[in-house]
Amino acid sequence: MNEYLRRLQMERPALFWVGLLVAFLVAFRLMLYVAGLLLGPFALPPWAPLLVVLVVLVVVARRQQR
């Protein structure tokens with residue numbers, strides 16, 4: 001799979017970047033959906049799942065910098 005993605009990046013960079021963007025958007029929406037399902041019973045405001053997802057992403061990014 002790694003070799004296929006590297007070849008796609010070299011031969012068709014536009015298709016590679018569009019695919020990468022779509023994959024990130026789908027993953028972000030899926031994380032928002034799961035956070036909404038988990039936080040739904042607590043009657044929090046509608047922006048709470050977004051805040052939870054962003055906090056988790058920041059924590060993961062900071063841990064990877066170490």
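Predicted model: local features only at pLDDT ≥ 70, side-chain atom pairs only at ≥ 80, totals over all residues.
Residues are numbered from 1 along each chain as its sequence is written, and side-chain values use heavy atoms, leaving out hydrogens and water.

View 1. Look for leucine 30 in helix H2, residues 13-39; helices are DSSP runs (H or I, at least four residues), numbered from the N terminus. Leucine 30 is exposed, with a relative accessible area of 53%. Exposed means over 50%, buried under 20%, and partly exposed in between.

**View 2. Where H2 meets H3.** H2 packs against helix H3 (residues 48-65) at an angle of about 120°, and their axes are 8 Å apart. Each axis is a line fitted to C-alpha atoms over the stretch in contact, and angles run from 0 to 180 degrees between N-to-C directions. The two helices are therefore oblique to each other; that word covers angles left over once under 35 degrees (roughly parallel), over 145 (roughly antiparallel) and 65 to 115 (roughly perpendicular) are set aside. Glycine 36 lies in H2 and is partly exposed, at 27% relative accessible area. The C-alpha atoms of glycine 36 and alanine 48 are 8.1 Å apart, although 12 residues separate them along the chain.

**View 3. A positive phi in the loop.** Alanine 43 is found in the loop between H2 and H3. Its phi is near 55°, a positive value in a residue other than glycine. Alanine 43 counts as exposed, at 72% relative accessibility.

View 4. Side chains of opposite charge can pair when their charged atoms come close. Here the side chains of arginine 7 and glutamate 11 meet in a salt bridge, 3.7 Å from N to O. The rule asks for a side-chain nitrogen of Lys or Arg within 4 Å of a carboxyl oxygen of Asp or Glu, and the count comes to one. Because arginine 7 and glutamate 11 are four residues apart in helix H1 (residues 2-11), about one helical turn separates them. Glutamate 11 is exposed at 57%, whereas arginine 7 is partly exposed at 45%.

Notes: Buried < 20%, exposed > 50% of the residue type's maximum accessible area, 1.4 Å probe, protein only.
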